[in-house]
Amino acid sequence: MAAKRRWPGCVLCRIWEILEREKTPEGDPCVVIPGHIARKPDPCIYDQFLLMQLGKPVTWDNPDVRIFLNGVEQYTYNLTVGTTYDVEVTVHNSSRDKPANGTAVDIRWIEFGAGGQVRHLIAVAAANVPVWPGTDVVTTKWTTPDTPGHYCIEVELSHPDDGNPSNNRGWNNTQVYAAQSPVARDVRIFNRYPGDCPKVEEGGGPWLRPHRVFLGWAVIGAVAALLATHAGGSHADMAQPTTALAVPLRGLAMMAVGYAAGAVLGLLVESVYAWIRRRSNARRARDPRTDRTDCHLVRIEVDSYRFEDKTGKDFDPMTAFTGVGPLWNARVTPSSFVFQPGEAYRDVLLEVDAPDDAGPDGHFNVNVWQGGVPSGGVTLTVTTGG
């Protein structure tokens, strides 16, 4: 096949040569397509966090996460402790042009501890997702925790050439029940300050408060200078005549001098005042008798709640777990303690006097305060006997 004639410097000829060439999967090696216009895959999952940012309604019973037991799909809010389930995750691809082959699917379950969240890895799978509307399904085993409570399955996708990574994380809430009523279980409390307590910066005002200096002291100085000029000018005008322009100019000049003098005086006064306040607060901070709550002091209370998985913006975690008082007699031992230096967490014992007869389950909040500040809580479910 004869080589095609090339004309050096002929850009249009080069373009024509590329256009008439037969298309290949690899394309032309001399053509570079910018990354921001290249077509890329977009692996995705039902992502509550992206939908909430867009103001869309969401559900926490994720439609892309299904849980099976012996081939039968389970209600996600009615699982049993210590039971191995099959978790099925459906991965989508929003791209109509590029398949999302080799998408990594990280599946974890989240333990909600007071003061933090602990993620436990279930499995890392790979999905080969065809172009939209194609999907791929990955499955794995998950053994529920041995203690009843509210847990979450988290699915996170990753792809090296993902065109939109913002739709890659989805949650599926679960409620795990016990086969029979437990009367005691450990609750983990995480230390928000495993090191030393953060330093408390005492207030006393900044060294310079510009609005007080330039809009207060300086303006007072300008007004005082104007009044003084007016009083002095009245006597001078009676002694000798002046031009009509001299009086306003003299007043403006004196106002400028008064403004500058007031600003300097205000700067000195405000700086001295702030210095005195800082010295006083520094002495108070060094005083061991100062009444401050130790940041390592933990206080725990127990109440009940009624959980409802509402849809969209109606779901508010601040109200979904609002306490209504203990349904049954419940206590935490110890109900108050102090973290030791370097202690990352501590387990406390929750005891619940559940009825022996069969009946409705009880939902409880373990609310934690550390250093006098709310530090989160743990939600759990206790079943009755029978």
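**Figure 1. Asp 353 and its partner Arg 331 in the predicted model.** Asp 353 counts as partly exposed because its relative accessibility is 39%. This legend and those below describe a predicted model. Asp 353 forms a salt bridge with Arg 331, and their closest N and O atoms are 3.2 Å apart. Asp 353 sits in the loop between strand 15 and strand 16 (362–370), whereas Arg 331 belongs to strand 13, so the pair ties together parts that are 22 residues apart in sequence.

**Figure 2. Arg 331 and Glu 351.** The side chains of Arg 331 and Glu 351 also meet in a salt bridge, at 3.6 Å from N to O. This pair ties together parts that are 20 residues apart in sequence, because Arg 331 lies in strand 13 (residues 330–333) and Glu 351 in strand 15 (residues 345–352). Arg 331 is partly exposed, with a relative accessible area of 34%. Glu 351 is partly exposed as well, at 23%.

**Figure 3. A network of salt bridges around Arg 108.** Side chains of opposite charge can pair when their charged atoms come close. The structure holds 15 salt bridges. A network of them links Asp 106, Arg 108, Arg 119, Glu 154, Glu 156 and Arg 169. Within the pair formed by Asp 106 and Arg 108, the closest N and O atoms are 3.5 Å apart. Arg 108 has a relative accessible area of 16% and is therefore buried, the limit for buried being under 20%.

Figure 4. Neighbours within four places in sequence aside, the contacts of Val 105 include Val 89, Val 91, Ala 123, Val 138, Val 155 and Leu 157. Glu 156 is also among the residues in contact with Val 105, and Glu 156 is a member of the network of salt bridges.

**Figure 5. Asp 42, a buried acidic side chain without a salt bridge.** Asp 42 lies in the loop between helix 1 (11–20) and strand 1 (43–44). Asp 42 is buried, and the nearest side chain of opposite charge, that of Arg 96, is 10 Å away. With residues up to four places away in sequence left out, Asp 42 touches His 92, Asn 93, Ser 94, Ser 95, Asp 162, Asn 164 and Asn 167.

**Figure 6. Asn 168 in its loop.** Asn 168 is placed in the loop between strand 9 and strand 10 (169–177). Its relative accessibility is 5%, so Asn 168 counts as buried. Leaving out residues up to four places away in sequence, Asn 168 touches residues that include Pro 43, Cys 44, Ile 45, Asp 47, Val 155 and Asp 162. Asp 162 is also one of the residues that Asp 42 touches.

**Figure 7. A nonpolar patch on the surface.** Phe 214, Leu 215, Val 219, Val 223, Leu 227 and Tyr 259 form this patch, with about 570 Å² of accessible area together. Helix 3 (residues 210–239) supplies the largest share, 5 residues. Phe 214 is found in helix 3 and counts as partly exposed because its relative accessibility is 38%.

Conventions. Residues are numbered from 1 along each chain as its sequence is written. This is a predicted model: local features need pLDDT of at least 70, side-chain atom pairs count only at pLDDT 80 or more; totals for chains, interfaces and linings use all residues. Side-chain values use heavy atoms; hydrogens and water are left out. Helices (H or I, at least four residues) and strands (E, at least two) are DSSP runs, numbered from the N terminus. Buried means under 20% relative accessible area, exposed over 50%, partly exposed in between (1.4 Å probe, protein chains only). Lys and Arg count as positive and Asp and Glu as negative; His and the chain ends are not counted. A salt bridge is a side-chain nitrogen of Lys or Arg within 4 Å of a carboxyl oxygen of Asp or Glu. Contact means heavy atoms within 4.5 Å. Patches are made of residues with over 30% relative accessible area and no salt bridge: like charges are joined within 9 Å, nonpolar side chains (Val, Leu, Ile, Met, Phe, Trp, Tyr) within 5 Å. Accessible areas come from the Shrake-Rupley method with a 1.4 Å probe; for residues, only the protein chains shown count as cover.
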